[in-house]
Amino acid sequence: MDQESLIKFIKKLPKVELHLHLEGAIRPKTAMAMMRRNRRSFMPESEQDVKTYYRFNNLSEFVLAMRSVTDNITTLEDLRQITNELLANLTEQNVRYVEFDCALQKYINLGFSLKDVVDTIYDTVLAYQGEHDIKVGLVANLLRAHGPGLAIELVEKILAMDHPFVVGVGLSGDETKYPQKLFVKPFKLVNSSRLHSTVHAGEAKGADSVWSALFDLGAERIDHGTRSIEDPRLVDYLVKHRIPLTQCITSNVRLRVVDGRQAHPFGEFYKRGVKVTLNTDDPQVFETSLNNEYIIAAQKFSLDASDLYTIARNGIDASFADDETKSLLTTTLDSQVKTSLEESGSVIFSDAQINDPTVQR
Ligand SMILES: [Zn+2]
């Protein structure tokens with residue numbers, strides 16, 4: 001398939017996104033309006049000012065830039081607006097299922113109840129779903145910087161609330177300053193509940209951090225996991241136990257986890273049979289989109305339509321959706337892939353292969 005047809009194929013592919021922070025999906029125009037309204041020290045004059053603000057050399061600078069923008073989310077109406085914008089950006093790219101996370105503690109610290117925050121986002125999602133075909137799950141994100149005490153309290157509240165919208169609990173933030181071991185207790189609670197667990201690891205720190213996410217916290221899924229490549233035993237372990245990595249190529253390049261796109265281990269993980277998925281992390285901050293991440297992966301790692309199908313299918317398998325939703329998403333994916341291949345005149349893989357996702361192509 002030529003490049004133009006492959007890009008068309010990607011755009012039509014029904015996709016899943018599993019690593020996406022609500023606070024990293026605020027459109028520059030909205031960020032500008034919120035910052036000007038709150039009259040904080042940085043008052044952008046234009047969207048370009050906001051984009052310039054999102055320039056950083058390392059994770060610490062990134063965390064600071066993010067905080068000074070997200071500190072401007074101060075009302076439930078703000079949450080409604082950014083949720084709607086995030087969903088609109090996803091449906092534009094034919095994303096049919098998303099698990100996004102949200103730093104719930106941030107809004108509790110502003111005086112809102114956990115239930116009010118989750119209900120606000122949930123009601124916004126339900127209204128949006130009235131007109132669009134997208135399924136959504138919320139991951140309650142624990143921010144490492146809030147410390148283990150608040151993490152336990154928040155998890156206890158989440159479990160007591162037992163909200164149908166919340167599918168899992170995640171951990172993010174600076175893994176160099178707040179190691180996994182601090183969060184053993186909250187994850188013990190999560191792992192003994194119906195909720196799933198996912199942990200950012202192997203981004204600022206190496207393979208040890210991923211081992212710790214798996215063994216100290218019992219993480220089912222690893223967000224990033226990029227530096228797992230530094231330990232061949234770990235790569236074998238991920239393959240053997242089918243542990244998904246939610247990879248974000250542009251984010252890793254922008255935060256200098258890797259030395260450019262070509263140096264990203266995504267292609268190597270895929271070749272070795274790791275269950276990798278493609279995601280955007282903070283799309284507005286990193287100026288990317290899910291379609292863009294698929295195009296980058298295809299071009300940099302010489303992937304064809306059948307590889308991209310496998311990666312999209314990995315996203316469904318790695319999601320925390322129930323079996324019925326997974327099966328529906330798979331049917332939609334298979335049928336669109338067939339149509340796309342027929343339209344492009346390509347016979348890249350057979351019906352039997354489409355129906356057998358266990359074959360890693
Ligand atoms: Zn992330």
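1. Helices here are DSSP runs of H or I with at least four residues, strands are runs of E with at least two, and both are numbered from the N terminus. This is a predicted model, in which local features need pLDDT of at least 70, side-chain atom pairs count only at pLDDT 80 or more, and totals for chains, interfaces and linings use all residues. Residues are numbered from 1 along each chain as its sequence is written.

2. Helix 2 itself spans residues 28-38, and its buried residues are Pro28, Thr30, Ala31, Met32, Met34 and Met35. A residue is buried if 20 or more other C-beta atoms lie within 10 Å of its own, exposed if 12 or fewer, and partly exposed in between, with C-beta atoms placed from the backbone. The cover over these buried residues includes helix 3 (47-53), helix 4 (59-70) and helix 5.

3. Histidine 224, which is not a glycine, has a positive phi of about 75° and is placed in strand 6 (residues 221-224). Histidine 224 counts as buried because it has 27 C-beta neighbours inside 10 Å. Aspartate 281, also not a glycine, has a positive phi of about 70°; it lies in the loop between strand 8 (276-278) and helix 14 (290-300). With 28 other C-beta atoms within 10 Å, aspartate 281 is therefore buried.

4. Helix 5 (residues 76-92) packs against helix 7 (residues 114-129) at an angle of about 40°, the axes being 9 Å apart. Axes are lines fitted to C-alpha atoms, for helices over the stretch in contact, and angles run from 0 to 180 degrees between N-to-C directions. Helix 5 and helix 7 are therefore oblique to each other; angles under 35 degrees count as roughly parallel, over 145 as roughly antiparallel, 65 to 115 as roughly perpendicular and the rest as oblique. In this contact, Leu76, Leu79, Arg80, Thr83, Asn84 and Leu87 of helix 5 meet Asp116, Val117, Thr120, Ile121, Thr124, Val125 and Tyr128 of helix 7, where contact requires C-beta atoms, placed from the backbone, within 7 Å. By class, seven of these residues are nonpolar, four polar and two charged. Ala, Val, Leu, Ile, Met, Phe, Trp, Tyr, Cys and Pro count as nonpolar, Asp, Glu, Lys and Arg as charged, and the others, Gly among them, as polar.

5. Helix 8 (residues 147-161) and helix 9 (residues 184-191) have axes that come within 8 Å and cross at roughly 15°. The two helices are therefore roughly parallel to each other. On the helix 8 side the contact is made by Pro148, Ala151, Ile152, Val155, Glu156 and Leu159, and on the helix 9 side by Lys185, Pro186, Leu189 and Val190. These residues divide into eight nonpolar, no polar and two charged. Glutamate 156, in helix 8, counts as exposed because it has 12 C-beta neighbours inside 10 Å.

6. The largest nonpolar core has 90 residues, of which Phe100, Leu138, Ala213, Ile222 and Leu308 touch the most other members. Such a core is a set of buried Ala, Val, Leu, Ile, Met, Phe, Trp, Tyr and Cys residues joined through C-beta atoms within 7 Å. Helix 15 (residues 305-318) gives the most to this core, with seven residues. Leaving aside residues up to four places away in sequence, phenylalanine 100 touches Leu20, His21, Leu22, Leu86, Leu138 and Val139.

How values were computed: Two residues are in contact if their C-beta atoms, placed from the backbone, lie within 7 Å.
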